[in-house]
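Dear colleague,

I am passing on a structure for you to look at, and my notes on what was found in it follow below. Please read them with the model open beside you.

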Amino acid sequence: MGKGGSLNESVVKKIMLSYAYVGIWIFLSFTVIVYNKYILDKKMFNWPFPISLTMIHMIFCSSIAFLLVRVFKFVEPVTMSRDLYMSSVLPIGALYSLSLWFSNSAYIYLSVSFIQMLKALMPVAVYSIGVALKKETFKTNSMINMLSISFGVAIAAYGEARFDSWGVILQLGAVAFEATRLVMIQILLTSKGITLNPITSLYYVAPCCLVFLFVPWVLVELPVLRESSSFHLDWVIFGTNSICAFALNLAVFLLVGKTSALTMNVAGVVKDWLLIAFSWHVIKDTVTPINLIGYGVAFLGVTYYNYLKYQALMAKEAQKKAQSTDEESGKLLEEIDGPGSGKKIDSEA
């Protein structure tokens, strides 16, 4: 009775912790998205410099990661050769910088709600790039699912009241770069047995992002910032915004590390609906019925995508259990039929 009670308490505790990780991630992701929108939107804080904002985030994250890794020794750095860094971390850093630059730029032109609808294309991009780079196998039912998501997003775009072609191009570019980055992490790092937690990831990747963003910043935003005599750096706004961005990286680690990437995908769908509702009721963005119908279709496609991922995960777990059971049975048979009692019985007979 006692053991059963303690087992139930352990299960309940794990469930509660999982919900807590999901809640923390949703809250921080929600906060960073709305905060970035507030800073970049010309009708709000009116600081439309997405490269500069991204660079501020990278400077802050690089500094904190350096302190945690090198000064306080909170996290051990990953053993990485110069060749591995150049061939793996640099391209991932370049893709990450482009993804952040384009996604932040989109907030200047598009509503929060419509951006979240466009982000529903992420599974489509990841699957398509995975197939192109031979990390995913082509399946007809998966492709039909991807087409249904794309169709739903197309309907949502058709019904968008504040449609901006340049904003859509930027957001689609951000999705493509982020999807490529995720696939490249699998190819360049995970396949080599290298895993980076958020702190070591920022320690290695954030300085790369900073370097890659410097050139477009000098060419595009620095001349405008020099001409803007009224500009001053609001330390409270940009400081708290950077802290939120860093905390979000830690929350991703907690959520994926303590639960799974699938949980994060499902939580992402919940977060998207919350952001759409917030954008509609609080920011007063226009959300049309066609928007909602289109995103509803895409949502069903994303839900089915997550369901297929769940099935694949369960099948993988079942296969692992079957293999471990077979290994245990084999060991047991070796103990019985090996150079022990069985041979002695035969010789006596």
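A salt bridge is counted here where a side-chain nitrogen of Lys or Arg lies within 4 Å of a carboxyl oxygen of Asp or Glu. This is a predicted model, in which local features need pLDDT of at least 70 and side-chain atom pairs count only at pLDDT 80 or more, while totals for chains, interfaces and linings use all residues. Residues are numbered from 1 along each chain as its sequence is written, and side-chain values use heavy atoms, with hydrogens and water left out.

The structure holds five salt bridges. In one of them Arg162 pairs with Asp285, their closest N and O atoms being 3.7 Å apart. This pair links distant parts of the chain, 123 residues apart, since Arg162 sits in the loop between helix 6 (140–158) and helix 7, and Asp285 in the loop between helix 10 (261–281) and helix 11 (289–337).

Overall, the chain has twelve helices and zero strands (DSSP runs, H or I of at least four residues for helices and E of at least two for strands, numbered from the N terminus). Its C-alpha atoms fill a box of roughly 100 × 50 × 50 Å along the principal axes.

Helix 3 (residues 82–109) packs against helix 7 (residues 165–188) at about 155 degrees, with the axes 8 Å apart (axes are lines fitted to C-alpha atoms, for helices over the stretch in contact, and angles run from 0 to 180 degrees between N-to-C directions). That angle makes helix 3 roughly antiparallel to helix 7 (under 35 degrees counts as roughly parallel, over 145 as roughly antiparallel, 65 to 115 as roughly perpendicular and the rest as oblique).

Helix 7 is also approached by helix 5 (residues 122–132), the two axes coming within 9 Å and crossing at roughly 50 degrees, which makes helix 5 oblique to helix 7.

Finally, helix 3 bends by about 30 degrees at Val89, and a proline, Pro91, follows within four residues (the bend is the angle between axes fitted to the seven residues ending there and the seven starting there).
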